[in-house]
Amino acid sequence: MAEHLLKILIVGDGNVGKSSFTHRYTSGQFNSSYKMTVGVDFSVKLLHWSEREKVRLQLWDIAGQERFISMTRIYYRGALGCVVMFDVTNSSSFLNCLHWKRDLDSKAMLPSGEPVPCILLANKCDLPGRVVSAESVDGFSRAHGFITWMETSVKENRNVQEAMRRLVQDILSAQSSLDTQEPRRKSDIPRINSLSHLIASWTFLFSLTEVSIQVMKPWARLNPSTLSADTTRPGRVKAHKDEVSPARVANGQRTQFKLK
Ligand SMILES: Nc1nc2c(ncn2[C@@H]2O[C@H](COP(=O)(O)OP(=O)(O)O)[C@@H](O)[C@H]2O)c(=O)[nH]1
Ligand SMILES: [Mg+2]
């Protein structure tokens, strides 16, 4: 059975529902008092996509970095898909989607050179005080190259699975159209699959090493403005590095590490 390994980013302003979305998608739960995290939340979800294909998703949810709007390239490296999320009751979170999309497009692209498939999610559509109209989201989504947009309510579990399914579908078809452009002998396909797997795993491990090195930088530890509370405790940071080893992140589980 073929297995695809897909790194997917979840970006958007703080408080729009990114962590709740990831949590809902991977564990089916919603917690209204969800704790704000600092660093990157990392979750894994395994999908039995078809009789012949499994899809392993690595979901990278930024946390606590949202105020910077621009993310480090390390975070984007190897991403094959992206969710840009805003809150329909918060107009600036919608306006900032342009920055998130531009930041992504300037720092990441598919191996084919195409932009990373990106879905726009208008979250919290269960709330009454909506300030962003469907027409403006639709126009924005078309103008800025999103594959599509959807209204979601993580709270009421509306369109969470559907949005991810649509994104994964687009990622897989982007990959298969790349394969069609360069027809290969049948016997090459398993080798190519394992090669792409190897590259994805290598990219992932490399990112983590780089993230850890950044976190462990002695000058960063000395400068409180570059730190979040826990990074002042090297033991804790080391634990993050270990925790995030792919072998230790089981399906549906979440772990966290610092990215400063
Ligand atoms: N009403 C409503 N609240 C939501 C929804 N999604 C998330 N929230 C709440 O919004 C707040 C911020 O969510 P969180 O996932 O931490 O946002 P993040 O900062 O983008 O990761 C939390 O109190 C969530 O319970 C939603 O669809 N509807
Ligand atoms: Mg969060």
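Serine 106 is placed in helix H4 (residues 97–107).

Q: Before we go on, what sort of model is this, and how are things numbered?
A: This is a predicted model, in which local features need pLDDT of at least 70, side-chain atom pairs count only at pLDDT 80 or more, and totals for chains, interfaces and linings use all residues. Residues are numbered from 1 along each chain as its sequence is written, while chains are lettered from A and ligands numbered from 1 in the order in which they are written.

Q: Back to serine 106, then: buried or exposed?
A: Serine 106 is exposed, because 11 other C-beta atoms lie within 10 Å. The term buried requires 20 or more other C-beta atoms within 10 Å of the residue's own, exposed 12 or fewer, and partly exposed a count in between, with C-beta atoms placed from the backbone.

Q: How far is serine 106 from tyrosine 76 in space?
A: Their C-alpha atoms are 10.0 Å apart, and the two residues are 30 positions apart in sequence.

Q: How many helices and strands does the protein chain have?
A: The protein chain has nine helices and seven strands. Helices (H or I, at least four residues) and strands (E, at least two) are DSSP runs, numbered from the N terminus.

Q: What share of the protein chain is buried?
A: Buried residues account for 34% of its 260 residues.

Q: And what about contacts between residues 24 or more positions apart?
A: Such pairs make up 72% of the contacts in the protein chain with a separation of 6 or more. Two residues are in contact if their C-beta atoms, placed from the backbone, lie within 7 Å.

Q: Let us turn to the ligand. Which residues are closest to ligand 1?
A: The closest are Gly17, Lys18, Ser19, Ser20 and Lys155, out of 17 residues that surround ligand 1. A residue is near a molecule if its C-beta atom, placed from the backbone, lies within 6 Å of it.

Q: Which element gives the most to that shell?
A: Helix H1 (residues 18–27) does, with three residues.

Q: How does the shell divide by class?
A: There are five nonpolar, eight polar and four charged residues around ligand 1. Here Ala, Val, Leu, Ile, Met, Phe, Trp, Tyr, Cys and Pro count as nonpolar, Asp, Glu, Lys and Arg as charged, and the others, Gly among them, as polar.

Q: Why is H1 called largely enclosed by the rest of the structure?
A: Because eight of the 10 residues of H1 are buried. These are Lys18, Ser19, Ser20, Phe21, Thr22, His23, Arg24 and Tyr25. Just after H1, glycine 28 takes a positive phi of about 80°.

Q: What comes between S1 and H1?
A: The loop there holds asparagine 15. Asparagine 15 counts as partly exposed because it has 15 C-beta neighbours inside 10 Å. Its C-alpha atom is separated by 8.7 Å from that of phenylalanine 86, 71 residues away along the chain.

Q: Which strands pair with S4?
A: Strand S1 (residues 2–12) runs parallel to S4 and is joined to it by five bridges, with valine 11 partnered by valine 84. S4 and S5 also pair in the parallel sense, over six bridges, and phenylalanine 86 stands opposite alanine 122 in S5. Two strands pair if DSSP finds at least two bridges between them.

Q: And beyond S5?
A: Strand S5 (residues 118–123) is joined to S6 by four bridges, and the two run parallel. From S5 the chain crosses through helix H5 (residues 134–143) to S6 in a right-handed β-α-β crossover; that is, with the strands pointing away from the viewer, the path from the first strand over the helix to the second runs clockwise.

Q: Which residues have the most contacts inside the largest nonpolar core?
A: Ile8, Cys82, Val83, Val84 and Ile119 do, in a core of 51 residues. A nonpolar core is a set of buried Ala, Val, Leu, Ile, Met, Phe, Trp, Tyr and Cys residues joined through C-beta atoms within 7 Å. Leaving aside neighbours within four places in sequence, valine 83 is in contact with Ile8, Ile10, Ile119, Leu121 and Leu167.
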